[in-house]
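Notebook open, model loaded. I want the overall build first, then the domains.

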Amino acid sequence: MCGIIGIVGDRPVSDRLVEALRRLEYRGYDSAGIATGGAGVIDRRRAEGKLDNLIDVLDGAPLPGTIGIGHTRWATHGAPTKNNAHPHATDRVAVVHNGIIENFQVLREELIAKGHVFQSETDSEVIAHLVTDGLDQGQTPQQAAAATFARLHGAFALGILFSDEDDLLIGARRGSPLVVGYGDGEMYLGSDAMAVGPLSNRICYLAEGDWVELRSAGAIIHDETDAIVEREIRSSSVAAEAIDKGNYPHFMLKEIYEQPTVIGDTLNTYFNALSGKAHMPPMPFDMANVPKITIVACGTAAYAGSVAKYWFEQIARVSVETDVASEFRYREAAMPEGGLAIFVSQSGETADTLAALRYARSQGQHIVSIVNVPDSSIARESDVVLPTHAGPEIGVASTKAFTCQLTVLACLVLTMARARNAIDDAREAILCAALAHVPELARDVLQHDDRILSIAGDMVDARDVLYIGRGSLFPIAMEGALKLKEISYIHAEGYAAGEMKHGPIALVDDGVPIIVLAPSGPLFEKTVSNMHEVIARQGQVFLLSDEAGLKAAGDVPHSIALPDVDAFIAPILYALPVQLLAYHLAVLKGTDIDQPRNLAKSVTVE
Ligand code: M6R
């Protein structure tokens, strides 16, 4: 999952390639590079690590040229070194690639036998050599490129630059998205609308298998049979939005603090304050007769789906299956005809989630997606799109997108419960009123930041941390553990509180902090019993509950009193302190909070 950009025109491209890479860094930041061509040579600059390192290189050795390609990398094959950084090049061709070439070993050996010398450990470099091989045999760039695409197995979005062509870039996509941007005397190629958006507001999403010849005056698009085709050019609303941290030291903290506002913005779309009821846009299926719901997503978005499973089953009385997309897409799940499949994704580009969506479509499901990027691949392939209104989420750790996903799902659950006559008016009024108060309650929860910081200080030397909860708080326990792992690199696990005695309690000693998520409600006493089992074994418990819960729990040395709320909305509000705890621990550990090691914001490889 890398970001790619290409520009062909008659003005210098280097600065604009770098600016586009800044917008694409969310796809990976292991290395970055750009290349220009057209004057008989390929010239490139590459650097290991963040884009700033490439900018330093370019400061010392600027890159001229009016045609070029750029890349920001999340390493799949080969370590994140300068040598493995894209663009990969021969003396005739340079290539940027997002995806994985599955048959690269076979191709590489074949090309080595023909005398090609490889410089990197990547799968991508074979593409540059295959195209070069075609050119060496007298093929045109178009012929060499098309012949190369036919030999590649796996997923790719590509940008190809030629040493001898000052007005031709070739792009191609199979499995990974690629966008063409139309400018005035200039054309663009990019991984997504965000890459080309500020350069051009007229874009075209290439279809699966397409490849494109891009010249400064326009584009010729070919389908997978090489026939010339027309694709829709649409206007893009992605602007060169200035996204900054404001007065916050990190995007993650800013995004945590934005939650009261963006949850409110999301509620404004799916909740009518006058009627006091949740509502949904028209659905092309009857909500009252959905036989089954399947919710599929990855990472944090999958935990939003897991919370929603409790809600759908308890409130709307409909059977729900949840799965992570990387498993779901290959397990040939049996799905009843006419079922509802819900896909949750901040980016809308997660490769596994998109593949799972396509499987569900093949099984006759109605496809609803909950995404934060309305023009994303997942949105474009859905029957109904329910956008979250979290605004751009820059920190790799998902925070505000998660609570907005929960907000949309809560509204969907209430709407479906009403359609199915599964809820009476009085109960609906209670749940709706609770939901309407989430933004102000979220503001109250954030007031506990100082206390959470002090708890983080008590935990900073922990090697392992456990999070436990029951019911809809179990997925929040897993989400808390995921947040902590990904940004502080402290090992953490989330467990169903009742499962502790089936194994994990063996981990407990006086060096293992245990975060207990136990709002008052039907499962409170059970969770507190599990907490005491841990305390009895010297576990260092940190209890998150409300005033009544803390009183009932007895003497617990470390606790935070959160607002007293209906159990329905507790998972949304309890997500905030676990986000803040992970954040403060990561600050104390001195990690790279917004761009943690080994990760990328959008995972576009399987
Ligand atoms: O863009 P998506 O919501 O589809 O991304 C899914 C996961 O990759 C994402 O939630 C990931 O787990 C986050 N880094 C967690 O904070």
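I started with overall size: 606 residues would give a compact globule a radius of gyration near 25 Å, and the protein chain has 26 Å, so the two agree. I took that radius over C-alpha atoms, and the globule rule is 2.2 Å times the number of residues to the power 0.38. The C-alpha box along the principal axes is roughly 80 × 55 × 45 Å.

Ground rules for my notes: this is a predicted model, where local features need pLDDT of at least 70 and side-chain atom pairs count only at pLDDT 80 or more, while totals for chains, interfaces and linings use all residues. Residues are numbered from 1 along each chain as its sequence is written, and side-chain values use heavy atoms, with hydrogens and water left out.

Next, secondary structure: I find 20 helices and 27 strands in the protein chain. These are DSSP runs, numbered from the N terminus (helices H or I, at least four residues; strands E, at least two).

How much of the chain is buried? I get 60% of the 606 residues, with buried meaning under 20% relative accessible area (1.4 Å probe, protein chains only).

Then contacts (heavy atoms within 4.5 Å). Of those between residues at least 6 apart in sequence, 71% join residues at least 24 apart.

Last, the domains, with bounds from an automatic or database assignment. I have domain 1 at 3–244, domain 2 at 248–436 and domain 3 at 437–606. The C-alpha centres of domain 1 and domain 3 lie 43 Å apart, yet twelve residues of domain 1 are in contact with ten of domain 3.

Definitions and conventions:
Buried < 20%, exposed > 50% of the residue type's maximum accessible area, 1.4 Å probe, protein only.
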